[in-house]
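Please read it alongside the sequence and the coordinates.

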Amino acid sequence: MTAAAAVAAAAALVMLAVVVVAWPFVSPEREQPEERLSDEDRRRLALAEARDAAYASLRDLEQDLRTGKVTEADYEAERDRLRADAARVLRELDRLR
Amino acid sequence: MTTLGRVALYLVFALTVYAAVAGVLAGRRGDRRLMRSARNAFWAALAATLVAVVSVEYALLTHDFSLAVVAEHTSRRLPTGYTLSSLWASEAGSLLLWLAVLTGASALALHQNRRRNRELMPWVAAVLGGIATFFAALAAFVSSPFAHVAGTVPVDGAGLDPSLQNPYMVAHPPMLYLGYVTMSIPFAFAMAALITGRTDARWLVSVRRWTLVSWAALGTGMLLGAHWAYVEVGWGGYWAWDPVENAALMPWLAATAFLHSVIVQEKKGMLKVWNMVLVSAAFSLAVFGDFLTRSGVVQSVHSFVQSPVGPYLLGFVAATLAVSTALIIWRLPLLRADHRLESVISREATFLFNNLLLLALAFAVLWGVVFPILSEAVRGVRSTVSAPYYDFFLVIFGLPLLALTGIGPLIAWRRASPDSLVRTFRWPVVSALSGAALLWLLGLGSSTAGLTALSLCIFVTVTVGLEFARGTAARRALAGGSIPRALVDLVGRNRRRYGGYVVHLAIVILVVGVTASSAYSTVREAHLGVGQTMVVDGYTLRNAGVFQRKGPNYTFQYVRLAVSRGGSSHGTLEPGQRVYDTGQIGNEVDIRSSVPSGTDLYSILQGVDRDASGGVSVKVLVNPAVGLVWLAGVVFLLGALITLWPDPREARQLARRYGELLARSGA
């Protein structure tokens, strides 16, 4: 590659990079600014995670019973506790909706 | 091409600086166009890095010996494949490869999350931009692959180190770099979560796969390196606790701990601070590993000669630790656990113990690596920390870890009752004890640690087998169908869990291979005149003469050893030495592997008599079950792939949890 060709290729590379980086500012597509999560949104998120964790724990517990990892008595006690947790979380989620 | 490559590297530096600044501004202003621009900057940086890579490869292929990386690591007669792979034989070239993987992984991670985690992503871009800026600055201004040789341009290069002229060295360094570099992604998400206060589990979900990629690549890279050492370095082993081997092991241990503790956070809302600490530790250890390889402070077959980048890398590790510690302390109030540990006999407790043991092992290894450096810095005397130190801690921490590998999956969450423990563990315990007695009767009691390890392997294998058997039976009871169908359904519906069990099986196979090949191997050394024999563990080896043959860029001198056992021939072994055209000398071992048992007959030529009588000094090892170490690598990859495979049900659940709930806010 000659020196002139190398300089031309380097200039083209820089130009291409500038266009790619600048494109979001010159493209006709307009986007709304990002909205922040409010404290209420964060609380809702935490509750959704707690709800899903409780559901997953119930599924795991069922699986543990079927595969013999927990006794029937342990299963019933833990299931009742998890159901109560899930119900509490769902009530709070409903209240926030 | 050199001018183009140099300009491309400056451009990468400018683009990564821009990405970091644009990320910060996008995060502060909530400006989506700035965020898109930062993301585009990473794609442009990747393209520019690839232009630089192609420029170096062009210089290598056209033998442009005006460049130091070409003159110092290749020669005109080096085969083309090794000429291409010599990019990462040099410190500057490997830094360029590191930058290529970093910009590529960053661009991909930002692209994957272009419609998710909108509050986090600007800060992820900022952190990744900061990391990439640092490495781009090193490649552009401190250790450039486009640096010229001092003085006259040589007519031929110095050649590639003989030990690097091996197919494994083509794949081993890129695989390790993939592992080291992709650890940046979980770190960037963790820091972004701390900066924004989005310390819910969303960032964990986003980085789980990246951590798995990094962890699988590091694990595979270490095994490739171990196999390279076994077939090329030629001392008969595959792991020597070399500082650079340890450099990859430490972040792998931290990542293993994180992959377990993340489950506890997702299931129980616990270990939130711990997970942040683990991600920061894994990333810092990865960069520290890079420092060990590049700085020249340790002596290793894997390390580069002393280079100027060492102090910068050490400073970067210190800055990373300081910033991540400050952010974690700042966000402590948001990282409180949702639940407390209710019993030490529970799955979450076994995960916690597993984490403590993994971290303890990682820090024992770290101390073994840094002690000689500190000792030299403080007292001016270089001490060495040798294999017995590491072996001691491997046994002390490794055996309980192996036991937990079996206990964890079978124990219930929250609290396990004595009744359920007896019911769950009776068969694994009985099997392990029976197996131990049998192994002892078979004469394997000579190594207590070895016998304990093998017994625990039986325990873990039975627990994993029971998990698959009981899970399949439960699936059939629920949905019917054949056993194979139920097994496929079971694994498909619980990929993380059952992929993890396959990885546990890989660990068992690895432990059996390592234990058998180290605790029960046989080594003999002898001087053999032509026609003389030696006996090693039932094998008879006879010196059938010394020969020579020409290779593409070397002459190979070797001894032919005729192997027999019980009167029947087992072919020949031909260990020797390559004398390269550049004057370099490389050892070539010869190995005969037995496929069913995995046992290797391993031969090393230590010297040839100078009187041309055909007499040779040889070292021969019988390494039982060493093939299992390599088989473990295949099973490990299979398990990692099962775990990594996308799960549409999980994706739907996450979309419901984060998408619908936050649709109103657009975050």
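The notes below begin with conventions and then proceed by topic.

The model is predicted, so that local features require pLDDT of at least 70 and side-chain atom pairs pLDDT 80 or more, while totals for chains, interfaces and linings use all residues. Residues are numbered from 1 along each chain as its sequence is written, chains are lettered from A and ligands numbered from 1 in the order in which they are written, and side-chain values use heavy atoms, with hydrogens and water left out.

**Chain A overall**

- Chain A contains three helices and zero strands, where helices (H or I, at least four residues) and strands (E, at least two) are DSSP runs numbered from the N terminus.
- Read from the N terminus, the order of elements in chain A is α-α-α.
- Of the 97 residues in chain A, 41% are buried; buried means under 20% relative accessible area, exposed over 50%, and partly exposed in between, with a 1.4 Å probe and protein chains only.
- The accessible surface of chain A is about 5,500 Å², and carbon and sulfur atoms account for 60% of that surface; such areas come from the Shrake-Rupley method with a 1.4 Å probe, and for residues only the protein chains shown count as cover.
- Within chain A, 65% of the contacts between residues at least 6 apart in sequence join residues at least 24 apart, contact meaning heavy atoms within 4.5 Å.

**Helix pair α10 and α18 of chain B**

- Two packed helices are described by the angle between their axes and the distance between the axes.
- Helix α10 (residues 243-268) of chain B and helix α18 (residues 495-519) of chain B have axes that come within 13 Å and cross at roughly 150 degrees. This crossing makes α10(B) roughly antiparallel to α18(B).
- Axes are lines fitted to C-alpha atoms, for helices over the stretch in contact, and angles run from 0 to 180 degrees between N-to-C directions. Angles under 35 degrees count as roughly parallel, over 145 as roughly antiparallel, 65 to 115 as roughly perpendicular, and the rest as oblique.
- The α10(B)–α18(B) crossing is left-handed, a term that applies if the near helix is turned anticlockwise from the far one by less than a right angle, with right-handed used if clockwise.
- On the α10(B) side the contact involves W252(B), H260(B), V262(B), I263(B) and E266(B), which meet R496(B), H504(B) and I507(B) in α18(B).
- The residues of this α10(B)–α18(B) contact comprise four nonpolar, two polar and two charged; Ala, Val, Leu, Ile, Met, Phe, Trp, Tyr, Cys and Pro count as nonpolar, Asp, Glu, Lys and Arg as charged, and the others, Gly among them, as polar.

**Helix pair α11 and α13 of chain B**

- The axes of helix α11 (residues 272-295) of chain B and helix α13 (residues 347-379) of chain B cross at roughly 30 degrees and come within 13 Å. At that angle α11(B) is roughly parallel to α13(B).
- The crossing of α11(B) and α13(B) is left-handed.
- In α11(B), W274(B), L278(B), L285(B), F288(B) and L292(B) meet N355(B), L356(B), L359(B), L366(B), V369(B), V370(B) and I373(B) in α13(B). The residues of this contact comprise 11 nonpolar, one polar and no charged.

**Individual residues in helices and strands of chain B**

- L644(B) belongs to helix α19 (residues 627-644) and is buried at a relative accessible area of 18%.
- Beyond residues up to four places away in sequence, L644(B) touches R209(B), L212(B) and V213(B); the C-alpha atoms of L644(B) and V213(B) are 7.8 Å apart although 431 residues separate them along the chain.
- S206(B), in helix α9 (residues 202-233), is buried at 12% relative accessible area. Leaving aside neighbours within four places in sequence, S206(B) contacts N113(B), N117(B) and F189(B).
- Q548(B) is located in strand β3 and is exposed at 57% relative accessibility. Not counting residues up to four places away, Q548(B) touches T555(B), F556(B), Q557(B) and Y558(B).

**Positive phi in loops of chain B**

- Most residues other than glycine have a negative phi, and most peptide bonds are trans.
- H63(B) has a positive phi near 50 degrees; it sits in the loop between α2 (32-61) and α3 (68-73) and is partly exposed at 21%.
- D537(B) likewise has a positive phi, near 50 degrees; its place is the loop between β2 (533-536) and β3 (539-550), and D537(B) is partly exposed at 43%.
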